[in-house]
Amino acid sequence: MSDSSTTSNNAQRQSSDKLSHVADIDNIWLLPDGVSDLLSEEAQKQEWLRYKLTRLLVSRGYELICPPMIEFTESLLGNASEDLKRQTFKIIDQLSGRLMGVRADITPQILRIDAHLNKMGKANKIARYCYAGHVIRTLPDGLFGSRTPLQLGAEIFGSDSLDADIELIDVLYCLINNLNLKKHLHIDIGHVAIFARLKELAGLSENDASVLMNLYANKALPELKQVCAELPMGNDFYQLAVYGHDMNALKQALSQTATEDKAIIKAVQEVQAMVAHIKNTYQSNVSVDITELGYHYHTGIVFNAYFENESQAVVRGGRFNGEGFDAASQASTAIAEELPSRSATGFSLEVTRLQRFISLNESKLVLVSFADMQGVRSDDNEKLAKDLTTKIAELRDLGHRVVRPLSSEDAPNNVTHKLILEDGEWVLRAV
């Protein structure tokens, strides 16, 4: 092979290596769908929201708890729905060889914690918990949803009263009002117990119930009408979709068997009371959808909160049952089975979804004059050096960002002010 051919091949190889290196750099920054970096202002917004909202929850008597990101699947997914199991990443614990899950929802962890405290002698006490932490999901919620949202929530355990559900709504509005976002909020109220009780009265199979729930979720009225025609009490299930937004009309449309059932009567009254409370107390937008059946573990009132015209709920909440179990063995035990079921209600809020609605107060970005700093050092002026340290501390206490440069080229972007030495005084000047 000639020297010219060898040189040409070496040049092509070097060029290919350079292109490969560039591609590798691009791949380093390529993140999975539904996963993104939060930089600068957005990161500050998230931390500000987390701090402000958890402070509000704690001030209302909710105990702040921080469950771990990973748990053994026996405890994390012991009573989880199939949807939650699909959303959970599984990993192998290198210490024990057991299967662990990365949490996709924090509520099951609150169930575990309350069950443990329950067993420790707090069975008859009402407990309030709040939390804020990231969850990791195998799939995003919606087309552009995040797979790593920051989830914040509040839970009340030990009360089966509608007052507990109303308190959670009040807490939610407290958070939203403090962010001045009430005008963007729309609440949708549902009640799982109406469908659940009709299912019992009709003796419906789990398969038929699942088919109905899918049709409700897709608002497929023609298909729903066909399916209901073949089911016992089918007209009642169909009327839930037709009149599920109007409790008075629904009572007129349901069969006598349904309208005289105590559980259904109570559920309808609870929905009406909740709607009246929201309208009278907050003059807020509220709607009703009885076919909004929430997650599989919900048992009573459920609610979703939406911002503006978004199709995905920012807040999801409702009533559920917290079952006691033995946290030490991570499995159901005879002792746990003797513990009473704990009525509970709560909500979770996706903090990341609130960020586009808020703006942080603009703070000054101050750069200390590198030349003046060097001048003070060369003059060995101890007083001016101490004055500079004091001035920087004062500015930072006021919420301004102050950078002491390491060199004459060390200048961050978007500097708004400079701290310079004038007539023996450190003075702040706008750029």
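Predicted model: local features only at pLDDT ≥ 70, side-chain atom pairs only at ≥ 80, totals over all residues.
Me: Why are the buried residues of H8 assigned to the same side of the helix, and what arc do they cover?
Reply: The residues in question are Ala209, Leu212, Leu215 and Tyr216, each of them buried. They lie on the same side of H8 because the arc they cover around the axis is only 125°.

Me: Which helices are included in what covers the buried residues of H8?
Reply: Buried here requires under 20% relative accessible area, and Ala209, Leu212, Leu215 and Tyr216 of H8 fall in that class. The cover over these residues includes helix H7 (192-202), helix H9 (221-228) and helix H10 (234-243).

Me: How far does H8 reach from its first C-alpha to its last?
Reply: H8 has 12 residues, for which 16 Å is expected at 1.5 Å a residue. The span in the model is close to that expectation, at 16 Å.

Me: Is Met233 buried or partly exposed?
Reply: Met233 lies in the loop between H9 and H10. It touches Leu198, Leu201, Ala202, Ser255 and Thr257, leaving aside residues up to four places away in sequence. Buried would require under 20% relative accessible area; Met233 has 23% relative accessibility and therefore counts as partly exposed.

Me: Which residues touch the most other members of the largest nonpolar core?
Reply: This core holds 72 residues. Helix H6 (residues 162-178) gives the most to it, with 11 residues. Ile189 touches, among others, Val271, Met274, Val275 and Phe303. The residues that touch the most other members are Ile187 and Ile189.

Me: Is Asp105 buried or exposed?
Reply: Asp105 is in the loop between strand S4 (99-102) and helix H5 (107-122). Not counting residues up to four places away in sequence, it touches Leu84, Val135, Gln151 and Tyr297. The side chain of Asp105 also reaches the backbone nitrogen of Thr107 at 3.5 Å. Because its relative accessibility is 11%, Asp105 counts as buried.

Me: At which positions does UniProt place the feature "binding site"?
Reply: Asp105 and Gln151, which touch each other, are both among the annotated positions.

Me: Which residue is joined to Arg319 by a polar contact of 3.1 Å between side chains?
Reply: Arg319 is in strand S10 (residues 315-322), and it is buried, with a relative accessible area of 9%. Its side chain reaches the backbone oxygen of Ser159 at 2.9 Å. The side-chain partner at 3.1 Å is Asp165.

Technical notes:
Residues numbered from 1 in each chain as written. Heavy atoms only, no water. Core = buried A, V, L, I, M, F, W, Y, C linked by side-chain atoms within 4.5 Å. Buried < 20%, exposed > 50% of the residue type's maximum accessible area, 1.4 Å probe, protein only. Helix = DSSP H or I, 4+ residues; strand = E, 2+ residues; numbered from the N terminus. Contact = heavy atoms within 4.5 Å. UniProt positions renumbered as here; feature names shortened; annotations may be inferred. Polar contact = N/O pair within 3.5 Å; in protein donor to acceptor, adjacent residues only side chain to side chain. Expected span 1.5 Å × (residues − 1). Arc of directions from axis to C-beta.
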